[in-house]
Amino acid sequence: AHPGDTVTLTLTMNNSDAVVALQTMIPLCGQLTYVPGSCVLTARGSSHYVSATVLRDTLRIYSYSLSLTPYSGNSGDLLSFQLILKKEPATYTLPLCSTLLSSATGASLSVSTSAGAVTILAPKIALSTGSINYGHIPIRSNYTQNVTVRNTGNEPLNLNGVSFNNNTLSTDNGVQTIAAGGQS
């Protein structure tokens with residue numbers, strides 16, 4: 001999705017044991033913001049509670065049953081939550097860290113996890129230099145200086161023009177599209 005978009009992620013659980021509680025932590029990489037109150041259980045956890053909070057850029061999810069009722073079924077979506085995407089284009093891996101599952105007796109159950117991912121789609125401009133020093137140039141002479149424009153993002157970069165605050169400066173490549181990973 002694109003910067004500013006809200007995406008919904010789903011946590012799926014395949015289990016052979018009767019699981020009554022879950023705890024997991026998901027690092028948000030500084031480019032993802034949890035939408036408070038968006039973490040909800042599916043029908044598999046209809047008699048369970050869920051809590052989701054962010055602490056030190058990590059989403060912490062806890063789900064449990066006070067009556068020690070197991071989640072229904074042995075396969076499928078367990079809960080979903082929403083994230084708002086920030087600006088930096090990249091694919092961000094979302095590993096499940098410190099994941100614990102518990103039985104009705106409080107015993108820890110064996111667990112293996114697989115990470116998800118979110119891709120922020122956007123162009124990103126990078127210039128070969130931030131300033132140009134023309135030094136001493138003879139009066140009425142022409143001087144050419146090149147600036148390379150790179151697109152380090154993952155979507156095309158559309159340049160709609162280049163403007164200068166000095167009318168003696170000009171460019172011959174003001175309007176163009178630079179492919180992801182390309183340069184001009």
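The model is predicted, so local features need pLDDT of at least 70, side-chain atom pairs count only at pLDDT 80 or more, and totals for chains, interfaces and linings use all residues. Residues are numbered from 1 along each chain as its sequence is written, and side-chain values use heavy atoms, with hydrogens and water left out.

**The open sheet**

- An open sheet is formed by 5 strands in the order E5-E6-E2-E9-E10, with antiparallel pairing; strands (E, at least two residues) are DSSP runs numbered from the N terminus, as are helices (H or I, at least four residues), and two strands pair if DSSP finds at least two bridges between them.
- Strand E5 (49-55) and strand E10 (108-109) stand at the edges, and each has a single partner strand, so one side of each is left without a neighbour in the sheet.
- E5 and E6 run antiparallel and are joined by 7 bridges.
- Leu-55 stands opposite Thr-58 in E6, while E5 and E6 form a hairpin with 2 residues between them.
- In a regular strand, side chains alternate between the two faces of the sheet.

**Two residues with positive phi**

- Most residues other than glycine have a negative phi.
- Arg-56 lies in the loop between E5 and E6, and its phi is near 50°, a positive value in a residue other than glycine.
- Arg-56 is exposed, with a relative accessible area of 70%; buried means under 20% relative accessible area, exposed over 50%, and partly exposed in between (1.4 Å probe, protein chains only).
- Ser-98 also has a phi near 50°, a positive value in a residue other than glycine.
- Ser-98 is found in strand E9 and is partly exposed, with a relative accessible area of 48%.

**Thr-99 in strand E9**

- Thr-99 is found in strand E9 and counts as buried at 13% relative accessibility.
- The side chains of Thr-99 and Thr-24 are joined by a polar contact of 2.7 Å; a polar contact is a pair of N or O atoms within 3.5 Å, where within protein one must be able to donate a hydrogen and the other to accept it, and residues adjacent in sequence count only if both atoms are side-chain atoms.
- Not counting residues up to four places away in sequence, Thr-99 touches Leu-22, Gln-23, Thr-24, Val-111 and Thr-113, where contact means heavy atoms within 4.5 Å.

- The side chain of Ser-65 makes a polar contact of 3.1 Å with the side chain of Ser-67.
- Setting aside neighbours within four places in sequence, Ser-65 is in contact with Val-20, Ser-47 and His-48.
- Ile-120 belongs to strand E11 and counts as buried, at 0% relative accessibility.
- Beyond its neighbours within four places in sequence, Ile-120 has contacts that include Ala-1, Leu-32, Leu-85, Tyr-92 and Asn-154.
- The C-alpha atoms of Ile-120 and Thr-24 are separated by 23 Å, with the two residues 96 apart along the chain.

- Rolling a probe the size of a water molecule over the atoms shows where empty space is left.
- The largest pocket has a volume of about 890 Å³. On a 1 Å grid over the protein atoms alone, a pocket is an open set of points where a 1.4 Å probe fits, with protein on both sides within 12 Å along at least five of seven lines, and lining residues have an atom within 4 Å of a point. Grid points are joined across faces, edges and corners, and a volume is the space filled by probe spheres set on the points.
- The largest pocket is lined by 28 residues, and Gln-145, Val-147, Phe-164, Ser-170 and Thr-171 lie nearest its centre.
- That lining has 12 nonpolar, 15 polar and 1 charged residues; Ala, Val, Leu, Ile, Met, Phe, Trp, Tyr, Cys and Pro count as nonpolar, Asp, Glu, Lys and Arg as charged, and the others, Gly among them, as polar.
- The second largest pocket has a volume of about 510 Å³, and of the 26 residues that line it, Leu-11, Thr-12, Met-13, Leu-96 and Ser-112 are the closest to its centre.
- E1 gives the most to the lining of the second largest pocket, with 6 residues.
- By class, the second largest pocket's lining has 14 nonpolar, 11 polar and 1 charged residues.
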